[in-house]
Amino acid sequence: MRSNGRASLCARLLVLGALAAAVLAGGKQSALAAGENAGPSRAVVVPGFWDPRRRPERPDLSRIQTIRFLTDVDYPPFDYNGADGNPAGFNVDLARLICDEIKISCTIQARPFATLFDALNDNRGDAVIASIAPTAETRRRADFTDPYYRTPARFVARTDSAFGDVLPERLEGKKIAVVAGTAHEAFLKAMFTEAEVRAYPNAEAARDALRRKEVDLLFGDGIALAFWLNGAESGGCCAFRGGSFLESRFFGEGVGIAVKRGNDLLRLALDWALFQLWEKGSFTDLWLRYFPISPF
């Protein structure tokens with residue numbers, strides 16, 4: 001996800017929290033228990049961060065005539081230029097589903113990422129859907145819907161390894177590759193204190209270390225790792241191990257749609273539409289189309 005720029009008990013509680021997030025999706029996904037192997041025969045996990053016990057009220061949608069969505073095109077698979085030159089990607093398709101659900105016309109315009117908030121606040125668009133995380137800084141520039149996805153952290157091991165559960169007491173003395181200076185490194189040092197954390201300058205170097213068996217595990221961004229595992233570059237060397245980690249103190253609150261500050265009607269309408277899409281299974285269908293190997 002992007003912002004406006006581009007101890008045993010604790011970790012066990014985080015694993016349980018990841019499982020709770022899966023169960024929260026209320027049957028629209030398979031609740032793959034955190035801490036179990038995510039082998040190829042297991043059901044794909046689709047995120048759902050909507051609580052079915054807190055159904056959003058339907059706002060007065062008749063007061064919304066159209067929605068002008070803004071996005072960018074340099075963050076595949078969420079936002080990119082399609083074959084026809086128009087914006088494409090997960091966020092773009094989700095925006096279209098929202099418009100269909102609200103039953104109004106919409107436009108989707110691509111702009112450079114750094115200009116999106118300015119365009120929103122200059123009334124050149126109504127909503128920004130570009131994988132932006134609500135933070136203290138971004139909340140000063142826009143209001144946000146509830147999160148519609150979050151970026152989990154995951155462990156990866158070689159397919160010939162015997163790793164299953166990834167609780168800290170089972171990783172004592174194990175070597176774990178991670179990108180230096182990231183929230184993932186900070187998380188490992190805080191929660192997996194008995195493991196040997198090896199920091200690498202970039203994701204490619206960390207992945208190479210796992211392939212060359214310099215380390216036992218790799219820890220990083222689940223979405224990026226899912227695409228690596230599903231691509232030719234990995235050569236089928238590796239697979240996810242254990243469940244997802246979503247602790248907001250390290251990995252953020254998730255991604256929402258930004259609207260101009262004070263535009264509560266549109267924000268509530270988008271929240272309502274997102275919940276409807278999840279409840280009907282449309283969000284699940286869209287997610288599976290873009291993420292054949294789930295990052296969760």
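Me: Which residues in α2 meet which residues in α9?

Reply: In α2, Leu94, Leu97, Ile98, Glu101 and Ile102 meet Ala269, Leu270, Trp272, Ala273, Leu274, Gln276, Leu277 and Lys280 in α9, where contact means heavy atoms within 4.5 Å. The residues of this contact of α2 with α9 divide into ten nonpolar, one polar and two charged; here Ala, Val, Leu, Ile, Met, Phe, Trp, Tyr, Cys and Pro count as nonpolar, Asp, Glu, Lys and Arg as charged, and the others, Gly among them, as polar.

This is a predicted model, in which local features need pLDDT of at least 70 and side-chain atom pairs count only at pLDDT 80 or more, while totals for chains, interfaces and linings use all residues. Residues are numbered from 1 along each chain as its sequence is written, and side-chain values use heavy atoms, with hydrogens and water left out.

Me: How many aromatic pairs does a search of the whole structure find?

Reply: The search finds 29 aromatic pairs in the whole structure.

Me: Why is the pair of Phe78 and Phe90 called edge-to-face?

Reply: The rings of Phe78 and Phe90 have their centres 5.8 Å apart and their planes at 85 degrees, and the pair is therefore edge-to-face. The rule is that rings of Phe, Tyr and Trp (its six-membered ring) pair if their centres lie within 6.5 Å, and that planes under 30 degrees apart count as stacked, over 60 as edge-to-face and the rest as tilted. Because Phe78 lies in the loop between β2 (74–75) and β3 (79–81) and Phe90 lies in helix α2, the pair ties together parts that are twelve residues apart in sequence.

Me: How do you know whether Phe78 and Phe90 are buried or exposed?

Reply: Phe78 has a relative accessible area of 2% and Phe90 one of 0%, and buried means under 20%, exposed over 50% and partly exposed in between (1.4 Å probe, protein chains only). We conclude that Phe78 is buried, and that Phe90 is buried as well.

Me: What kind of pair do the rings of Phe90 and Tyr149 make?

Reply: Their centres are 6.4 Å apart and their planes stand at 90 degrees, so the pair of Phe90 and Tyr149 is edge-to-face. Tyr149 lies in the loop between β7 (143–144) and β8 (153–158) while Phe90 lies in helix α2, so the pair ties together parts that are 59 residues apart in sequence. Tyr149 is buried, and so is Phe90.

Me: Why are β10 and β12 said to stand at the edges?

Reply: Five strands form an open sheet in the order β10-β9-β11-β8-β12, with mixed pairing, and two strands pair if DSSP finds at least two bridges between them. β10 (196–200) and β12 (238–245) each have a single partner strand, so one side of each is left without a neighbour in the sheet.

Me: How many bridges join β8 to β12?

Reply: Five bridges join β8 to β12, and the two strands run antiparallel; the bridge partner of Phe155 in β12 is Arg241. Strand β12 is also mostly covered, with eight of its eight residues buried. Strand β9 (residues 175–179) is joined to β10 by five bridges too, but there the strands run parallel, and Ala177 stands opposite Arg198 in β10.

Me: What makes Asn81 count as partly exposed?

Reply: Asn81, in strand β3, has a relative accessible area of 46% and is therefore partly exposed. Leaving aside neighbours within four places in sequence, Asn81 is in contact with Val73 and Asn86.

Me: Why does Lys103 count as exposed?

Reply: Lys103, in the loop between α2 and β5 (105–110), has 70% relative accessibility and so counts as exposed. Phi of Lys103 is near 65 degrees, a positive value in a residue other than glycine.

How values were computed
Helix = DSSP H or I, 4+ residues; strand = E, 2+ residues; numbered from the N terminus.
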